[in-house]
Amino acid sequence: QHVLGNRNVSVNGAKFVVRVKIFLNISNQEDYTLCSGTLVNKNTVISAGHCFPTKQPSNGRIEILYGANHIKDGMIVHASKSIVHPKYRMINLGSPIDYDFAIIKLKKNIRESSIVKYANIDYGQVRLDTYKVVYGWGWAEIYPRNTESEHLYEFNGHIIEQEESRFIKVINHGSHVWKGDSGGPLVESQTMQVIGIASVVDTECSCSSKAIPRRGGYMHYSSL
């Protein structure tokens, strides 16, 4: 199953979406966490706080793939440091996460171009019963094999609720965010403004059934 539905993002798609690869052990290239993120200016990426476990990246070894909708395209820049929101907390797996943000500072500036743009953040009120677009580099297959996606994917999500102004609930049919999509942007399709990031997914529903609507949780940028 494709974690984010069946639509690859075109070359003219969300040019601010990046792939975040966090190495947990610099001596083991297979020991890493994969997330998504948003390029907000020349040297800053916003991702999810839960992408950064207690075991911190060795020597700040974080790779950012940008300017790409396929892993064989684009360019890679390394991070100088990562900062998890000081109020970040996760009560338990699958529950809402407070202030699920992380700021990643880059060692080298990224310039805007025909394939790279900085995100335009919308901190305003979220309109319920509207559809937004979600982008992410999540896994292409979870079962029976854990397979990372080679493509950036997108799907439409229906905003159904907002809790305490920070936490946005999105429902959709047949697709949902999963491993590797955390930190990916929630976007207003008409203006391409970013209103939030992927945080958690409803773990009580079946991940193999496309007939069951799935709920995803997103942090609103007003809590950053």
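Let's start with β2 and β5, which pair in the antiparallel sense over four bridges. Within that pairing, R19 stands opposite L65 in β5. Keep in mind that this is a predicted model, and that residue numbers count from 1 along the chain.

Now look at the other partner of β2. Seven bridges join β2 to β3, and these two strands also run antiparallel. Strands in a sheet are held to each other by backbone hydrogen bonds, in either a parallel or an antiparallel arrangement.

What about burial along β2? Seven of its seven residues are buried, so the strand is mostly covered by the 20% cut-off on relative accessible area. In a regular strand, side chains alternate between the two faces of the sheet. In β2, both faces are covered: V17, R19, K21 and F23 are buried on one side, and V18, V20 and I22 are buried on the other. Note that R19 and K21 are among the buried residues here.

Follow the chain out of β2 and you get to the loop between β2 and β3, where Q29 is found. Q29 has a relative accessible area of 39%, so it counts as partly exposed. Leaving aside residues up to four places away in sequence, Q29 touches F23 and R61. F23, you'll recall, is one of the buried residues of β2.

Carry on through β3 and the chain turns back: β3 and β4 form a hairpin with two residues between them. Three bridges join this antiparallel pair, and N41 stands opposite T44 in β4.

Step back and these pairings fall into a larger pattern. A closed barrel of six strands runs β2-β3-β4-β9-β6-β5, with antiparallel pairing. Neighbouring strands of this sheet are turned by 40° against each other on average, direction ignored. For the chain as a whole, the secondary structure comes to zero helices and 16 strands.

What do the nonpolar residues do? The largest nonpolar core has 38 residues, and those with the most contacts inside it are V20, V45, I64, I104 and L106. Strands that each supply at least two residues of this core are β2 (17-23), β3 (32-41), β4 (44-47), β5 (62-66), β6 (75-84), β9 (102-106), β11 (131-136) and β15 (193-201). Not counting residues up to four places away in sequence, V45 touches V18 and V20, then G37, T38 and L39, then I64, and finally A102, I103, I104 and L106. There is also a second, separate core of seven residues, which includes V126, I159, I168 and L186.

The structure holds one disulfide, and it joins C35 to C51, with an S to S distance of 2.0 Å. C35 lies in strand β3 and C51 in the loop between β4 and β5, so the pair ties together parts that are 16 residues apart in sequence. The torsion about the S-S bond of C35 and C51 is about -105°, so this disulfide is left-handed. Are its two ends buried or exposed? C35 has a relative accessibility of 3%, so it counts as buried. C51 is buried too, at a relative accessible area of 2%.

A few totals round out the view. Of the 224 residues of the chain, 51% count as buried. Among contacts between residues at least 6 apart in sequence, 67% join residues at least 24 apart. The accessible surface of the chain comes to about 10,700 Å², and 48% of that belongs to carbon and sulfur atoms.

Key
Predicted model: local features only at pLDDT ≥ 70, side-chain atom pairs only at ≥ 80, totals over all residues. Heavy atoms only, no water. Core = buried A, V, L, I, M, F, W, Y, C linked by side-chain atoms within 4.5 Å. Buried < 20%, exposed > 50% of the residue type's maximum accessible area, 1.4 Å probe, protein only. Contact = heavy atoms within 4.5 Å. Pairing = 2+ DSSP bridges. Disulfide = S-S within 2.5 Å. Areas by Shrake-Rupley, 256 points an atom, 1.4 Å probe, with all protein chains shown as cover. Axes fitted to C-alpha atoms, helices over the stretch in contact; angles between N-to-C directions.
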